[in-house]
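Biologist: I am new to this structure and would like to learn how to read its contacts, its helices and its core. Could we begin with what a contact is?

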Amino acid sequence: MKAISSRTLAISCLQACIVGFGAGWIARSYPVKQSVPKGAFFLLVQMEFKTVADREKAEAIFAPEARWCRDHEPGTLSYEWARSDQNERAIVVVERYADKETAYAAVHKGSDAFKEFRPRLAALEPAIRGHSYVASDIGYTSRLE
């Protein structure tokens with residue numbers, strides 16, 4: 001049996017650590033599989049702004065609100081802003097909550113972050129059309145579920 005040099009051993013250990021760290025880093029970005037609540041509450045909110053500049057201002061206002069929801073509202077299952085591919089002043093916000101009464105009405109709408117966000121958005125005076133839905137539990141929203 002051939003002896004392994006200290007240098008070779010050190011390099012092998014370092015490689016193993018890097019591979020282990022990389023795998024851990026990747027794994028941490030995928031949430032632990034949890035069951036999705038049945039009958040989740042959805043909101044689809046369409047907005048059209050007067051100008052592209054107003055839409056961009058609204059995006060800057062929305063970004064910290066979305067981060068707040070992700071970090072502090074476990075019942076907010078998704079909260080995403082998407083731009084229209086046909087009208088550069090139009091967007092849709094897709095909101096998905098574990099339930100209407102608690103996750104949406106009490107926690108989300110009751111948060112200080114929402115109370116700060118909503119009037120700032122309203123000041124831009126977008127045309128807003130919103131529709132609410134209860135999930136049928138047919139299909140899926142994410143392959144990670």
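Modeller: Two residues are in contact when heavy atoms of theirs lie within 4.5 Å, and please keep in mind that this is a predicted model.

Biologist: With that in hand, which residues is His 108 in contact with, leaving aside its neighbours within four places in sequence?

Modeller: His 108, whose place is in helix H3, is in contact with Glu 65, Cys 69, Glu 73, Thr 76, Tyr 79, Glu 95, Tyr 97, Ala 103 and Phe 114. Its side chain also makes a polar contact with the side chain of Tyr 97, at 3.2 Å.

Biologist: Is His 108 buried or exposed?

Modeller: Residues count as buried under 20% relative accessible area, and His 108 has a value of 0%, so it is buried.

Biologist: How should I read the faces of a helix such as H4?

Modeller: An α-helix has 3.6 residues a turn, so residues three or four places apart point the same way. In H4, residues 112-122, the buried residues are Phe 114, Phe 117 and Leu 121; seen down the helix axis they fall within an arc of 70°, so they line one face. On the other side of H4, Asp 112, Lys 115 and Glu 116 are exposed.

Biologist: What covers the buried residues of H4?

Modeller: The cover includes strand E1 (41-48), helix H2 (52-72), strand E2 (76-83) and helix H3 (100-108).

Biologist: Which members of the largest nonpolar core touch the most other members?

Modeller: Among its 22 residues, they are Met 47, Phe 49 and Trp 81, while H2 gives the most to this core, with 5 residues.

Notes:
Residues numbered from 1 in each chain as written. Predicted model: local features only at pLDDT ≥ 70, side-chain atom pairs only at ≥ 80, totals over all residues. Heavy atoms only, no water. Buried < 20%, exposed > 50% of the residue type's maximum accessible area, 1.4 Å probe, protein only. Helix = DSSP H or I, 4+ residues; strand = E, 2+ residues; numbered from the N terminus. Arc of directions from axis to C-beta. Polar contact = N/O pair within 3.5 Å; in protein donor to acceptor, adjacent residues only side chain to side chain. Core = buried A, V, L, I, M, F, W, Y, C linked by side-chain atoms within 4.5 Å.
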